[in-house]
Amino acid sequence: MKILLNGATGGTNFGDFLFAEAFQQEVGKLIGEDNVYWYESRYTLSNFYKKHLKYDKKINLNEINGLICISGGYFCGNDQTIKNYIIRYLMYFRLCIKCIHKRIPFAIIGIEVGIPHNILMKKIQGYILKKCSLLVVRNDESFKNLEVYGVKNAICTTDTAHAIVKNLGLKDRTNHECKKMFIHIDPSCINIQKKLINPINMFLNRHPEYEVYLGTDQRPNNEEDLENYLNMINCEHKQLVPYDYPTQLCTTLNDMDLIITPKLHVGIVGATLLKSVISFSVHSEKIKRFYNQLKEENRTLAMNEFDENKALKMLEEYHDKKIILDESILKMSYKNFEYIEEFIKKISNNI
């Protein structure tokens, strides 16, 4: 049996790599590593992913027995232009449609689902979601959105990243004599994040016990931008944290007391590691859903609604309050791995 995997593998992103590595390992345990393949195109499977996944194989679509679309947010895109829609179609959806036409079964496991503004993209997503053999979404909002597509046979769990992080077996390494703050920078919106500098500096003036560590969850185009940002932070001890191997970022986050992030999966990892997390979000739809799921909705503020006083108030209120993850969140996250096995067993029985 040969299984093809696909997801957001086109760049160097931290959260998407965690999914890719975990799905490759889990499927490899079930059918053997040599029988696990990745979809490769102009927009997928970057050299970064090939290197860190240790992947150098090729396969023809006609040779595979099934496709698994790994966890991610690609059914809830933040598309702004027609070009964005086209690229998302080429990265994720064209392959699914090919599998439908070739009668190749496919599963979509642990995804976010939104309603695109583009009518054609909405039809494409609906067509794929209806035709997949197994559909698992990661929150109630995604599950409810499936009603718009007329999908009735889906399963709702939580984000796969919770289980992935737990499986790393990291032990709490925070040093409470000296508190550490991680400021997560998204290189694609660093200018927007400059709004945070004033409230962070006001907070640090009141809380000199904090050291600052600044880093990204993907490789930046310009390291100098990060250095300039760090120079604007008023703190005695501050340093850049280089980004290379994604799971190393988990270790870094495990050392922190407070994590400030604009994105989803640095926040999910921090929450799973029982850290204090504060989210100043850019792609806010799926991020709001996550903190709602944790019943921590006041920990996130959309940057398009940003207010310095509100941001400072959030820092003061939450900097020393850890997120306590409900056990049911973890149990449902592990269910995603069980559904991988269920899908593969079903294929095996039909071969």
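This is a predicted model: local features need pLDDT of at least 70, side-chain atom pairs count only at pLDDT 80 or more; totals for chains, interfaces and linings use all residues.

Entry one, a threonine. I checked Thr 158, which sits in the loop between strand 7 (155-156) and helix 6 (160-167). Its relative accessible area is 0%, so I put Thr 158 down as buried. Then I looked for what its side chain reaches, and found the backbone oxygen of Ile 329 at 2.7 Å. Setting aside neighbours within four places in sequence, I listed the contacts of Thr 158 as Arg 138, Gln 293, Ile 329, Met 332, Ser 333 and Asn 336.

Entry two, a helix pair. I looked at helix 1 (residues 14-31) against helix 11 (residues 264-272): their axes come within 7 Å and cross at roughly 65 degrees. From helix 1, I noted Phe 14, Gly 15, Leu 18 and Phe 19 meeting His 265, Val 266 and Val 269 of helix 11. Sorted by class, this contact has five nonpolar residues, two polar ones and no charged ones.

I got twelve aromatic pairs in the structure. One of them is Phe 75 with Phe 93, a tilted pair at 4.8 Å centre to centre with 50 degrees between the planes. Phe 75 belongs to strand 4 (residues 72-75) and Phe 93 to helix 3 (residues 82-101), so the pair ties together parts 18 residues apart in sequence. I have both Phe 75 and Phe 93 as buried. I also jotted down a cluster linked by ring pairs: Phe 17, Phe 48, Tyr 49, Tyr 243 and Tyr 245.

Definitions and conventions:
Residues are numbered from 1 along each chain as its sequence is written. Side-chain values use heavy atoms; hydrogens and water are left out. Axes are lines fitted to C-alpha atoms, for helices over the stretch in contact, and angles run from 0 to 180 degrees between N-to-C directions. Helices (H or I, at least four residues) and strands (E, at least two) are DSSP runs, numbered from the N terminus. Contact means heavy atoms within 4.5 Å. Ala, Val, Leu, Ile, Met, Phe, Trp, Tyr, Cys and Pro count as nonpolar, Asp, Glu, Lys and Arg as charged, and the others, Gly among them, as polar. Buried means under 20% relative accessible area, exposed over 50%, partly exposed in between (1.4 Å probe, protein chains only). A polar contact is a pair of N or O atoms within 3.5 Å; within protein, one must be able to donate a hydrogen and the other to accept it, and residues adjacent in sequence count only if both atoms are side-chain atoms. Rings of Phe, Tyr and Trp (its six-membered ring) pair if their centres lie within 6.5 Å; planes under 30 degrees apart count as stacked, over 60 as edge-to-face and the rest as tilted.
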